[in-house]
Amino acid sequence: MALKFAANLNFLFTEKASTIAERIRLAHQSGFRAVEIPYPEGETRDVVSAVRETGIVVSLVNLAFDKSSDQLRFGSTSVPGSEGLFQKQLGETIDFAKDVNCRKIHLTAGLLTKGQEAAYTKTYAANLKIAADSLRANQMIGVIEPINKYAVPGYFLNSYVTALGVLAEVGADNLKLLADLYHLQHIHGNVTKTLEEHKGQIGHFQIAQVPHRHEPDTAGELNYEYVFQRLREFGYDGWIGCEYKPQTTTVEGLSWISKLGHSL
């Protein structure tokens, strides 16, 4: 089974284009058949046009967020007192996802205020239950992603134990785990056994080398030739997000795909 790779446009083609719509066109020109994107605040119409023009698949959209707020620039799903904002952002993201035929939304958790862990956990579970119902009504799934403390200090969901616990508490079959192997290695290690143990809960994968977050074939802690073989053995047939920082330029760095025996 061939693995399928999507360009994450928070990271790729940023050296060439400042807008998501421009990056979509560059990804398509470079051979990508799918992209992952943030909610394109202020350019939703342009992005919809770019998607329709290129025919590219949007495999994942991040929840809308508040760029003006340090507290909410990484999401609102877990943040007490922001429940109304979360529901507004969820509605906006679902509407946009429908316009680009995307069926998967990353429900970003947000930054933690120290000392309020219990309140955040309660809010997170309550908002995920609301999200699950809204997503189900639109034939969509939501994913949650543990993010390591080095990449985003203070991010609420920085533990696989917490992520799996809240998924069990909410009990929704359309909420899944986003396993970014860069974060997984930083947080937990033991990548192969962790994936084997929780593959039933995983709804999406992303990749980057550890610790510098470059292309999969660069020097680092993970042997991606082996990792990709395991993903094939797992039977994962969804898109894999290329969420890495190119060492030089995006296009020059794409040589890893053929080097590791894959194609776009």
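Two strands pair if DSSP finds at least two bridges between them; helices (H or I, at least four residues) and strands (E, at least two) are DSSP runs, numbered from the N terminus. This is a predicted model, where local features need pLDDT of at least 70, side-chain atom pairs count only at pLDDT 80 or more, and totals for chains, interfaces and linings use all residues. Residues are numbered from 1 along each chain as its sequence is written, and side-chain values use heavy atoms, with hydrogens and water left out.

Q: How many bridges join strand β1 to β8?
A: β1 covers residues 4-8, and β8 covers residues 239-242. Ala-7 sits opposite Cys-242 in β8. The two strands run parallel, and the number of bridges joining them is 4.

Q: Which residue in β8 is the bridge partner of Gln-206?
A: Strand β7 (residues 202-207) pairs with β8 in the parallel sense over 3 bridges. For Gln-206, the bridge partner in β8 is Gly-241.

Q: Which residues of β8 point the other way from Trp-239 and Gly-241?
A: In a regular strand, side chains alternate between the two faces of the sheet. In β8 all four are buried, meaning under 20% relative accessible area with a 1.4 Å probe, protein chains only (exposed is over 50%, partly exposed in between). Trp-239 and Gly-241 point one way, and the other way go Ile-240 and Cys-242.

Q: Is Arg-213 buried or exposed?
A: Arg-213 lies in the loop between β7 and α8. Its relative accessibility is 8%, so Arg-213 counts as buried.
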